[in-house]
Amino acid sequence: MQSIQTDAICLPIPDIYLAEVRFDNARETGTFIVEHMELSEDDLVYVTGPMQDKVGTVIDVIYHCKIRPSKYERVVAKIDTDLYGKFIPLEHLWVTFDRPCMDKDKMRLWFLSPLADGECVDTNGFTPFPLHDLDSFPISYIRAQRGESYYEEHRVVYICLDKSKGYAIVQGSEYYEVTFTYIDGKIHDIVCNCYCEGYCKHEYAVLLQLQDLIGHWMLDYDSNYRESEYMAAIDKTVAWNMSVSRRQKEIIRLTEDSYEGFIIYED
Ligand SMILES: [Zn+2]
């Protein structure tokens, strides 16, 4: 357990204390109650209340004071911004086949509060179709065009394929979650949690991004994926802002053959 260092004594962090949090986009700060969580300055967090959809930065922690808990909104999650493993740069993405480095549950918090609406299920029937033949995907022409624009604008900011289960985050007016199943070259289901009836542009953008990743010669998908049964990719600007730029030490090294990518080491 972390503790508070003073000149004379070492006190444990209290179970309940206060944190001062700044929200960059809103240029607002607030004081929030923290329960059973270890926070330090510069940690990224989510809170309850009007700011629940914003990522906040802890700017101060106040351990010893008299608190009336009902007066405050709460910190509900601390974002795990650690990112290390072997990556291959591909256009706007950093791609990895390292299973532990960009777990879906961890990465979801980079974009969405734990209080955000969850994934959707679709109880309509679905006819599987080959990923390489998107003409078989029953989406309207207009929506497919918009999805293509989303793909070209690099709005698929995270995508992960774990065995047959896929998950992606697409940046629209807000972040949307797309889940899908991919087995032996075929899409077996796909559903987005936006409010669109029928198949949507977010899903189409994800399918184009998946096509690109799986078909890209540079990733050598077949042999890499066969080994780990796992692939994940993150938008490089997001990775830089949320993780790499926040570190104190130089931690990126090119792999021996720099053409193969780079490794981010643990601090
Ligand atoms: Zn959607």
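**Labels and their cut-offs**

Trainee: Why is R246 called partly exposed?
Mentor: R246 has 30% relative accessibility. Buried means under 20% relative accessible area, exposed over 50%, and partly exposed in between (1.4 Å probe, protein chains only), so R246 counts as partly exposed. R246 sits in the loop between α5 and β16 (252-254); helices (H or I, at least four residues) and strands (E, at least two) are DSSP runs, numbered from the N terminus.

Trainee: What should I know before I read on?
Mentor: This is a predicted model, where local features need pLDDT of at least 70, side-chain atom pairs count only at pLDDT 80 or more, and totals for chains, interfaces and linings use all residues. Residues are numbered from 1 along each chain as its sequence is written, and side-chain values use heavy atoms, with hydrogens and water left out.

Trainee: Which residues hold the zinc ion?
Mentor: C192 (SG), C194 (SG), C200 (SG) and H202 (ND1) coordinate the zinc ion, at 2.1 to 2.3 Å. Donors are N, O and S atoms within 2.8 Å of the metal (3.2 Å for Na, K and Ca); water is not among the atoms, so sites may look incomplete. Along the chain, the spacing of the donors reads C-x1-C-x5-C-x1-H.

Trainee: Why is the zinc arrangement called tetrahedral?
Mentor: The four donor atoms subtend angles of 106 to 115°. Four donors count as tetrahedral if all angles lie between 85 and 135 degrees, so the arrangement around the zinc ion is tetrahedral. Ideal angles for four tetrahedral donors are 109.5 degrees.

Trainee: Is C200 buried or exposed?
Mentor: C200 is buried, because its relative accessible area is 2%, against the cut-off of under 20%. C194 is buried too.

Trainee: What makes D184 stand out?
Mentor: D184 has a positive phi of about 45° although it is not a glycine. Most residues other than glycine have a negative phi. D184 is in the loop between β13 and β14 (186-192), and counts as exposed because its relative accessibility is 76%. D42 also has a positive phi, of about 80°, and is not a glycine either; D42 is in the loop between β4 (28-35) and β5.

Trainee: How many helices and strands are there, and how much is buried?
Mentor: The protein has five helices and 17 strands. Of its 267 residues, 45% count as buried. Its C-alpha trace spans about 70 × 50 × 30 Å along the principal axes.

Key:
Four donors count as tetrahedral if all angles lie between 85 and 135 degrees; four count as square planar and six as octahedral if opposite donors are over 155 degrees apart and all others between 65 and 115; anything else is irregular.
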